[in-house]
Amino acid sequence: MSGLTNKITASLLASLFIATAWSAPFAHGETNYPDVSEDITGNEEIQYLEDQGIIKGYPDGTFRPGNDVSRMEAAIMLTRELGLSTDNRPNPNFDDISKEHPHYKYVATLVDEGIIQGTDSNEFQPDRNIKRIEMAAVLTRAYNLENEPISKDFDDVNGNRKYVSEVVSNRISIGFPDDTFRPNASTTRAQFSIFLARTMDNQFKNYLSNAKKDPNFEEVDNEDIRGTYIWHAENAIEEPDKILEFAKEKDINLLYTRLDRTQDYTVYNEFVEKAHEAGIEVHAMGGHPNWALEKGEKRLNMFVDYVTSYQKAVPPRQQFDGIHLDIEPYVLKNWNGNTEDVLKTWKTNIQTFVDEVNKNSDLETSADLAIWLDDYKTPGEQDTSFSKWFIDTLDHTTLMAFRDTAAGTNGIIDVSKKEMEFAEELNKELVVSVEMQEMDENKHISFYEEGKQVMEEELDEAKRHFNDNPSYHGNAVHAYEYWKVANE
């Protein structure tokens, strides 16, 4: 779930619609509204909220989906939902709200909390319809929405871009097809129903998408992997055709592609679709050493939310085939001397990653694994190697067998042996990856000096050795930017 999903509760939704008709009693037991038909935008969301017992109609049995929500109604619902005390709040001194106003206390409370503001003319304008930009602002402030704001540019949004970015990043609204957000438009009961249903159940985020079944698209699922890493997100955005040309030249059929979560989904659509047309899998990649720590779990979840939300917003031919992590906490200062604690949180975060991906998508999960982690025990499972647990937890694992020769002691085959045995025992898939980056030290871990031809020969030898193991899934080269300029 998004951050907003976790924070908006049923009482907020109930408060919203109590506030919208606060002066009148509600009809009970109604399950269908005569003014909410299949032709009404938001009918499924309205029905969903009504089925949950969250909303009710007016005494005459109508829902009035086109009625607007006022600023005062928004103030009432937010104060009630947040459980804010209205006692002893300073007077905001608006010219149009006196202390004698029956709902003055709600306005004073939200202004004091910094959630809602008045106008430049020192008015609150309680009866005015709440604008879409105001809706975005109060939700962002009230629920401390935090995401890396998506960089989509709306033609009609100049000020308060942060608030628009946050509701877009949290998949509550993505604006209109004409690249407008319409910040000054009012928010109707139907629209608020749509926004709130999306916070409760991700299925309603499909409302914004064209992620329909596509009978003319055949999923790409390659058995013998030959992959590489698109390590810098800007590469996939700025030179997608060059990447695909390189992939065709090198017979690459899987791309671990790093994403920039601040970008709108549209920057990846064409790239993924063209890759699929060429028979290439594209796995969304993200990662940072801190993602193995407790403080990194939030960022990891934000990445998962971005990718799984993307899947719901695009048709199958533009969807990613998997989601891949590169987390290497052993480069952190607190690895040495605190390894057990780091392994413990790393394990927790990987399990959470897999659970969240499986809950919200059918993406294949994978991650990079260092060859020497098989010497460490799994926290809470002292009879199990951490590498074995790791391989068992993910759909496939990419083993960083960074050596510049296949055979011999400490060669690719030797350092991969134990993990290959784990994978076979667990009936899991293992991709063996090698390095092509220039190394000033430890030159034996990269093919930079030997060049492309030697790398291909050594990979062929490793492949011949592993071909009898049903878990061997192919090879990957780290990374595109090094491989393309490597010595022949």
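Let's start with the barrel. Eight strands form a closed barrel in the order 1-2-3-4-5-8-9-10, with parallel pairing. Neighbouring strands of this sheet are turned by 25 degrees against each other on average, direction ignored. Two strands count as paired if DSSP finds at least two bridges between them. Strands (E, at least two residues) and helices (H or I, at least four) are DSSP runs, numbered from the N terminus.

A word on the source. This is a predicted model, so local features need pLDDT of at least 70 and side-chain atom pairs count only at pLDDT 80 or more, while totals for chains, interfaces and linings use all residues. Residues are numbered from 1 along each chain as its sequence is written, and side-chain values use heavy atoms, with hydrogens and water left out.

Strand 8, residues 396-400, pairs with strand 9, residues 429-435, in the parallel sense over five bridges. T398 has V431 in strand 9 as its bridge partner.

What lies across strand 1, strand 9 and strand 10? Helix 16, residues 452-466, does. This helix runs at about 160 degrees to strand 10, residues 472-478. Axes here are lines fitted to C-alpha atoms, for helices over the stretch in contact, and angles run from 0 to 180 degrees between N-to-C directions. Contact means heavy atoms within 4.5 Å.

On to the whole chain. The protein chain has 17 helices and ten strands. Of its 488 residues, 55% are buried, meaning under 20% relative accessible area with a 1.4 Å probe, protein chains only. Take the contacts with a separation of 6 or more: 76% join residues 24 or more positions apart.

Next, the cores. A nonpolar core is a set of buried Ala, Val, Leu, Ile, Met, Phe, Trp, Tyr and Cys residues joined through side-chain atoms within 4.5 Å. The largest has 78 residues, and V307, F320, L325, W346, F353 and F390 have the most contacts inside it. Helix 13, residues 339-360, gives the largest share, seven residues. Beyond its neighbours within four places in sequence, F353 touches L300, V304, I323, L325, T365, S366 and L394. A second, separate core of 38 residues includes A108, A136, A142 and V157.

Last, helix 7, residues 161-169. Why is helix 7 largely enclosed by the rest of the structure? Because seven of its nine residues are buried. Among them are Y163, E166 and V168. The buried residues of helix 7 pack against helix 6, residues 132-142, and helix 12, residues 297-313. After helix 7 comes R171, with a positive phi near 60 degrees.

Technical notes. Buried < 20%, exposed > 50% of the residue type's maximum accessible area, 1.4 Å probe, protein only.
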